[in-house]
Amino acid sequence: MAARCSPGICLSVIFAAMIALVAPSQLVVEWRRGDSPQIAELFRRRPTGADLRNLESSLENACRIGQLVRPWMQWARFVIFEDAGDNAVLGRGGWFFYRPAVEYLVEPWSPEGEQAQGNVFDAIVSFRDDLAKRGIRLLVMPAPNKASVYSEMLARRAGGEGGPVNTATRDVLARLRRAGIEILDLFEVYERAKRTAGSPAYYLAQDSHWSPEGMELAAEAAAKRLLELGWVEKGSTKYQTRPAPVQRYGDVLRMIRAPQVERLFEPQRMNCTQVVDVETGRLYADDANSPVLVLGDSFLRIFERDAPGSGGFVAHLARHLGFSVSSVVSDGGASTLVRQQLARRPALVKGKRAVVWEFVERDLRFGTEGWQQVPLPPAD
Amino acid sequence: MMRHRAGCLRSVFFGVLSLSVSCAKKPDTGADLQVTSLGSVEVTAELLEIPGEIRNDPMYDYAHVMQYRVLAVHRGQVGKDVIYVGQYNPAKPRDAAADARAGRIGGNLRQFRAGDVHRMAMEVPIDDHYMGGIINRYFGQTEEPVYWALWTNRAAR
């Protein structure tokens, strides 16, 4: 009589075999490539937290079976459970949200409690003071998380009157205002704009960033504020816009890292416009000698350095100001990295009268390398 | 009979020995067409330290600044023994790290390990050649310029 095993034992054996298969197969892959086994690193390095995390991440990235199986598993999880993975959250109507931005919105946190790498207030105030010593004014412009502006697309019950902007964000902005920091409140700008009937979406459905319309609204508001404050005067350069539609998948959808999931959606179409100098007919370009310097993250990169080019916040700010500006963009690094970049190149602040500093709202909590104080080198 | 068997064993032994010697790899200098031509500076250097955790962010790609000891300068000028080099997206093998933002970078190095020796083609300073997030945990500790690694190959010590 043939031996019979229970389904439970069979499943356990299959599961154990699947787990056991990964390590030897990876050893074979590395051996065929002529590399030493990566897992041997575990015994070569001092087992510090950072070393172990680096090794774990390196093993995860290099695992051949993982690379083959992960997209299909992700696809299955998405189709069956609508689970968009570790980095994305599927909202309503095909809208995707970046998970850390959602965590920022729904988890309680206090800027006072998370100061491992500096403090947001001290960093902003000391930067403002450093600039003031050079006669430069600072306009701080937090770019709202998409989940803060379009919470109703995250969950039906989340969208209430006045929006569910994280109270910690409101507290930080209020405290910065009390410290005399000039803030451009884009939360209010979008809230007002959304109330207009037939208003377009100010954020992209598949992306974590603003849409061309949302970006233009922010650029117009920033220019208006700079001019109203009298920090700069309107320039005489005439710019015009020309349509440059772009079609691509958004960054949050791509972050699922499963082409099978991407194929379930149409690439998003964006009605971008490029900024052109009327006199020269050339596309907008930065001017290092401009009185205005713009610092920021990927919200400045999108449409400006990415396709279509010369069609992002920086170009449209220049259009509204009537003169070229200069910019420093540090992807995912507007809390600390962009100021370090500026400190390495102090010539960039020479001759400036105003600095516009954009950072994404979630950076208040999750900013890369925290909110370190970065002193500007003394002026010549 | 015994003498014949010993002769055979000796022949096999010397055969294997000579085969091993002829197949033994020459010390890997890490030189290839790219590392010897890209950038303005080319060095062989030992990776002394990867400070802190390498950020493996699905949303953003960063350059991480690492500390190297220069063992040999092949091209260009390097003023110090210890230099700081920005490696783009170091969680990835070099041949998979390049993208539109970083431009042409690459090499045969698969992972960064302190103590390993690399042959690198570089530019300096990093800010003139790469506009993106730079995680520099030596910031404020040194005034030395940061190099930008274009091509990174494994090399023997």
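A:Phe78 is buried, at a relative accessible area of 7%; buried here is under 20%, exposed over 50% and partly exposed in between, with a 1.4 Å probe and protein chains only. A quick word on the model: it is predicted, so local features need pLDDT of at least 70 and side-chain atom pairs pLDDT 80 or more, while totals for chains, interfaces and linings use all residues. Residues are numbered from 1 along each chain as written, chains are lettered from A and ligands numbered from 1 in written order, and side-chain values use heavy atoms, without hydrogens or water.

Now, A:Phe265 is partly exposed, at 21%. What about A:Trp75, then? At 31% relative accessibility, A:Trp75 also counts as partly exposed. The rings of A:Phe78 and A:Phe265 have centres 6.0 Å apart and planes at 70°, so they are edge-to-face. For us, rings of Phe, Tyr and Trp (its six-membered ring) pair with centres within 6.5 Å; planes under 30 degrees apart are stacked, over 60 edge-to-face, and the rest tilted. This pair links distant parts of the chain, 187 residues apart: A:Phe78 sits in helix 4 of chain A, and A:Phe265 in the loop between helix 12 and strand 7 of chain A. Helices (H or I, at least four residues) and strands (E, at least two) are DSSP runs, numbered from the N terminus.

Helix 4 of chain A, residues 64–81, also holds A:Trp72 and A:Trp75, three residues apart, about one turn.

Finally, let's look at charges over rings, meaning NZ of Lys or CZ of Arg within 6 Å of the ring centre and within 35 degrees of the ring normal. The charged end of A:Arg175 lies over the ring of A:Phe121, 3.7 Å from its centre. Likewise, A:Lys146 has its charged end over the ring of A:Phe97, 4.9 Å from the centre.
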